[in-house]
Amino acid sequence: MQSSRATLLNPATIPVATLEGPIHLARGLALLFFLALGSLEVDACTPPQIPTGVTHAYTGDTDGGDSVGTSDGTLANGATAGNPGQIGGAFAFDGFDDIMTLGNVPDLDYSATSSFSWEVWMNPEPTAPNTALNKALVILNETPGTTAQELIATVYPTYFIVAFQVFDQNHSGYAVGSHFVQGFGTFHHVVAVREVSGSGKVLKLYVDGVLAGTAFDGTTASLSSSAVDGIGGLPLAPNNNYAFHGLLDEVRFYGRALTDAEIVQLFRRGLGAGDTDGDGLLDATEDEMAGGGTCPNYLGRDSDADGVLDGAEVATGTDPCNADTDGDGVPDGTDPLPLQPGVTCGFLESMMRTTAAQIEALDLVYFTGMNENMISGRRNWLANRLQNAANLVCDGQHQGALALLNEVLDRIDGIASPGDWMVESDQKSALKETIEFLIALTLLLG
């Protein structure tokens with residue numbers, strides 16, 4: 001897409017339900033299991049490494065120093081380093097005149113055939129209502145009327161768009177733009193790539209590890225100039241609307257075109273500094289454990305949907321990608337011995353008594369009967385049968401316990417619907433599910 005500076009690109013949870021009365025015991029006990037574990041600290045694997053080809057790097061941790069090359073940046077007009085960033089510290093810019101100048105960096109004076117990539121984590125501030133402002137992330141070789149290479153965000157009150165533009169010494173310009181990006185108050189990973197090969201020149205733009213756009217680059221002349229290069233604003237005129245407002249972190253320049261896989265690696269490296277899904281495992285740990293697959297997933301708290309957070313599974317030795325680690329038919333989130341096939345009679349006895357107490361606590365409106373005396377009697381009968389089953393299960397009388405459980409199930413939701421002792425309700429469905437689960441676990445005892 002051919003471009004001119006005056007006309008930048010224009011824009012075109014885990015739910016939790018609480019039910020009165022009996023709850024699904026599997027879910028309830030899993031919740032207690034999590035609460036008992038408390039907060040976890042799990043050692044992280046080494047985050048993915050930075051790809052080769054870095055020529056200059058500005059981490060923002062303490063100052064404007066170039067951690068790879070010798071072109072240290074100068075923080076000017078109030079710009080600061082060491083602010084909370086995606087990885088360590090970050091640069092902060094006020095949107096008025098803050099900037100970090102690099103001087104004229106010789107190996108950023110690109111030729112007509114240079115391939116290169118830029119990387120930055122950005123956390124912009126939204127604009128005022130009904131306002132759109134162009135904000136400079138990186139500006140190189142800015143010479144009025146001729147060259148410039150620019151990474152610019154057009155920021156709106158609720159979203160922003162990123163554009164990567166290349167102008168040569170003939171002031172021929174081409175650009176690629178991103179989709180709308182939402183999510184202020186957090187960092188987004190942006191990579192701009194110019195790839196020159198035998199088949200031509202291509203501009204690419206990536207946002208949060210995903211290719212957001214590609215465009216033909218028809219420039220033919222050199223891209224270089226003796227101008228001052230800058231981050232966070234226009235070096236020639238820092239006090240204008242192009243001054244970035246927000247945080248920039250981990251700004252890197254590469255002397256080659258990064259691949260799709262390398263950009264995903266860089267994105268995940270940045271995420272590896274935190275725990276995106278809050279499951280107790282650092283993102284880098286999950287990424288390495290997945291080994292190129294999708295499990296565990298750093299965007300999902302419970303990858304195998306067994307009711308146990310991935311971090312809790314790693315801490316206790318169960319498999320976060322297998323809902324039933326020991327293969328005994330009982331999900332890890334419910335199994336009292338998730339690493340040993342089978343369940344204990346003590347566990348079943350406790351579940352049966354808990355369910356009996358929950359039945360007794362149910363309002364009579366959930367039961368059928370000709371009068372209050374009959375309704376109350378039915379509720380008590382169901383609770384007593386469960387208490388009796390609990391008495392039998394640890395005495396080795398498993399068949400007797402099974403018979404009592406089946407009696408309860410038949411009266412809660414028997415084949416002959418008019419004979420049911422409970423009215424249709426969420427409470428009835430939840431209790432039926434719990435009794436069926438108890439029967440399945442008791443069968444495992446033999």
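**View 1. Asn 371 caps the N-terminal end of helix 6.** A side-chain oxygen of Asn 371 sits 3.1 Å from the backbone nitrogen of Asn 373. That counts as a polar contact, meaning a pair of N or O atoms within 3.5 Å; within protein, one must be able to donate a hydrogen and the other to accept it, and residues adjacent in sequence count only if both atoms are side-chain atoms. Keep in mind that this is a predicted model: local features need pLDDT of at least 70, side-chain atom pairs count only at pLDDT 80 or more, and totals for chains, interfaces and linings use all residues. Residues are numbered from 1 along each chain as its sequence is written, and side-chain values use heavy atoms, with hydrogens and water left out.

**View 2. Helix 6 runs over residues 372-393.** Helices here are DSSP runs (H or I, at least four residues), numbered from the N terminus. Helix 6 has 22 residues and reaches 32 Å from its first C-alpha to its last, close to the 32 Å expected (1.5 Å times one less than its number of residues). Its buried residues include Ile 375, Trp 381, Leu 382 and Leu 386, and also Arg 378 and Arg 379. Buried means under 20% relative accessible area, exposed over 50%, and partly exposed in between (1.4 Å probe, protein chains only). The buried residues of helix 6 pack against helix 5 (345-361), helix 7 (398-413) and helix 8 (426-444), where contact means heavy atoms within 4.5 Å.

**View 3. Lys 428 pairs with Asp 413 in a salt bridge.** The term covers a side-chain nitrogen of Lys or Arg within 4 Å of a carboxyl oxygen of Asp or Glu. Here the N to O distance is 3.8 Å. The pair links distant parts of the chain, with Lys 428 in helix 8 and Asp 413 in helix 7, 15 residues apart. Lys 428 is buried at 2% relative accessible area, while Asp 413 is partly exposed at 29%. Lys 428 also bridges to Glu 424, with the closest N and O atoms 2.7 Å apart; Glu 424 is exposed at 62%.

**View 4. Lys 204 forms a salt bridge with Glu 195.** Their closest N and O atoms are 3.0 Å apart. Lys 204 is buried at 17%, whereas Glu 195 is partly exposed at 30%. Across the whole structure, a search turns up 12 salt bridges.

Technical notes: Helices (H or I, at least four residues) and strands (E, at least two) are DSSP runs, numbered from the N terminus.
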